[in-house]
Amino acid sequence: MRSLPLTPSRPVTAASDGRPALPPQHLADLDLGQRQTLLAGLGQPAYRAKQISTHYFGRLTRDPQAMTDLPAAVRAGVAERLLPTLLTPVREDACDSGATRKALWRLHDGALVESVLMGYPDRVTVCVSSQAGCGMACPFCATGQAGLTRNLSTAEIIDQVVHLAGVAAAGGVTGSPPRLSHVVFMGMGEPLANYGRVIAAVRRLCAPPPEGLGLSQRHVTVSTVGLVPAMRRLAGEDLSVTLALSLHAPDDDLRDELVPVNQRWKVAEVLDAAWEYADRTGRRVSIEYAMIRDVNDQPWRADLLGRLLAGRMAHVNLIPLNPTPGSRWDASPKPIEREFVRRLRTAGVAVTVRDTRGREIDGACGQLVAAETAS
Ligand code: SAH
C-alpha cells in the first residue's frame, strides 16, 4: 500500500481583489469526481475518495486520525492534503436550556466567524456564516458595522455545518432529533456577494452522501439584502432553496437608510426579482422585516407592505430587533408588533414572528463576534 505523499496543500495565494487569501483546499471544496482525480494524482485508488467522503459527510468525522479503517500513513497524508483544519473553536456556548448552541471559530488567517445550532421538537437548524464580516453596512446589524474581512471558502461554510451536525448527532441539542435537517445562510455575511462559493456549498450540502450531506434543497434558506442580478441568477440555478429577502422597509426613503444597497436596487426592483424567483422555482419567498421601534413599525408601513405583497408568493417573517451595543434603536413594543401583524393579515399576507433564539449568548444576528472583539 502506498501512502499519500506529504505534499503541501494548495499554496495560499493572494486574492485578485486584494482581499486576504482563502484557506487551503479541502475535501468539501471539491465534488466527488474532483476528489477522485486528486487522490488518483496522489497515487491512491479511486475508492479512497468515497471512503474519506463517507467519513466526513456520512459519519461527520472531521479528524483524519479517527478514520481507523485507513492505513496510518494515508491518514497522515489525508490530513495534510484533504482535511486541513479550517475552523479552530474559540468558544462554544449553550442557552435556551440546551436547545441553542453557538460556536465561534477562528479561521486560518485569524478571522472570526460564528455559527448557531438551533433545536426544535421536529427539526435541527444550523445558521451559517458565508463571509467574515459583511460589506453591506446595514446600520442595525452588528456585523454590518465592522465591514468585510473576506469571503469564506466553500469548505469553510460546509465545515461549520458538518461540525454542528456532529454535535447534534451526539445528542448535543436537548429535546430535538439528532439529525440536522435545515441550514440557513443567516449568519455573518451577504451570501449572494460570495455567490460561486455559496452555490457550491448549497449543492454539496444537498448532494446525496458520500458526495455531500444529503439535505433537502427545500430545507436550505439563502438570505439576501437584495442583490438583484445575483437573485436573478439564483432563479436560474435549478435549485429549490428558499430565498429570504431582508426588506425591513416598504418605502425607498427608509430602506435607503436601513439597507444601504437599496440606493442601487430599489424596493420595486428587488421585489420584482423576488417574484421572478418565486415564479421560476415555485417557492414562496420569505420577506424578512426587523421590527424597529418608531422607525419602520408604523401602521401605514404595515398597510403599504401589505399592498406590495398581497396576492404574491410571499410570507413575512417579522424579527424583533436585537439591539446592537451602542445602537440608538430598539425592538418594537409587543402591542405595536401585534397591530403590524394584524394589518398584514387583513391584507391577506401570511406572517410569522421569529423567535429570538440565542439572545443571552449573543448568538443572534451577528452579535457574537462583536462581543468577542469588544472583550
Ligand atoms: N446578509 C444577509 C444574511 C445575514 S443576516 C441578509 O441581510 O439577509 C440574517 C437576517 O438578520 C437579515 O434579515 C438581517 O437583516 C437580520 N438582522 C441583522 N441584524 C439584526 C438585528 N440586530 N436584529 C434583528 N435582525 C437582524
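Tutor: The account below begins with the ligand and then turns to the rings and the cysteines.

The model is predicted, so local features are reported only at pLDDT of at least 70 and side-chain atom pairs only at pLDDT 80 or more, whereas totals for chains, interfaces and linings use all residues. Residues are numbered from 1 along each chain as its sequence is written, and side-chain values rest on heavy atoms, with hydrogens and water left out.

Around the ligand there are 19 residues, of which Gly 189, Ser 223, Ser 246, His 248 and Asn 322 come nearest; a residue is counted here if one of its heavy atoms lies within 4 Å of the ligand. Polar contacts are pairs of N or O atoms within 3.5 Å. A polar side-chain atom of Ser 246 lies 2.5 Å from an oxygen atom of the ligand. On its own the ligand has 530 Å² of accessible area, and the protein covers 96% of it (Shrake-Rupley method, 1.4 Å probe).

Turning to the rings, two aromatic pairs are counted (centres within 6.5 Å; planes under 30 degrees apart are stacked, over 60 edge-to-face, the rest tilted; for Trp the six-membered ring is used). Tyr 56 and Phe 57 are edge-to-face because their planes stand at 90°, with the centres 4.8 Å apart. Both Tyr 56 and Phe 57 are buried, that is, under 20% relative accessible area, where exposed is over 50% and partly exposed lies in between (1.4 Å probe, protein chains only). Tyr 289 and Phe 340 make a tilted pair, with 5.1 Å between centres and 40° between planes. This pair links distant parts of the chain, since Tyr 289 belongs to strand E10 (residues 285–291) and Phe 340 to helix H11 (residues 334–346), 51 residues apart; helices (H or I, at least four residues) and strands (E, at least two) are DSSP runs numbered from the N terminus. Tyr 289 and Phe 340 are likewise buried.

As for the cysteines, the whole structure contains zero disulfides, a disulfide being a pair of cysteine sulfur atoms within 2.5 Å. The sulfur of Cys 141 has its closest cysteine sulfur in Cys 138, 6.4 Å away, which is too far for a bond. Cys 141 is partly exposed because its relative accessibility is 22%, whereas Cys 206, at 14%, is buried.

How values were computed
Polar contact = N/O pair within 3.5 Å; in protein donor to acceptor, adjacent residues only side chain to side chain.
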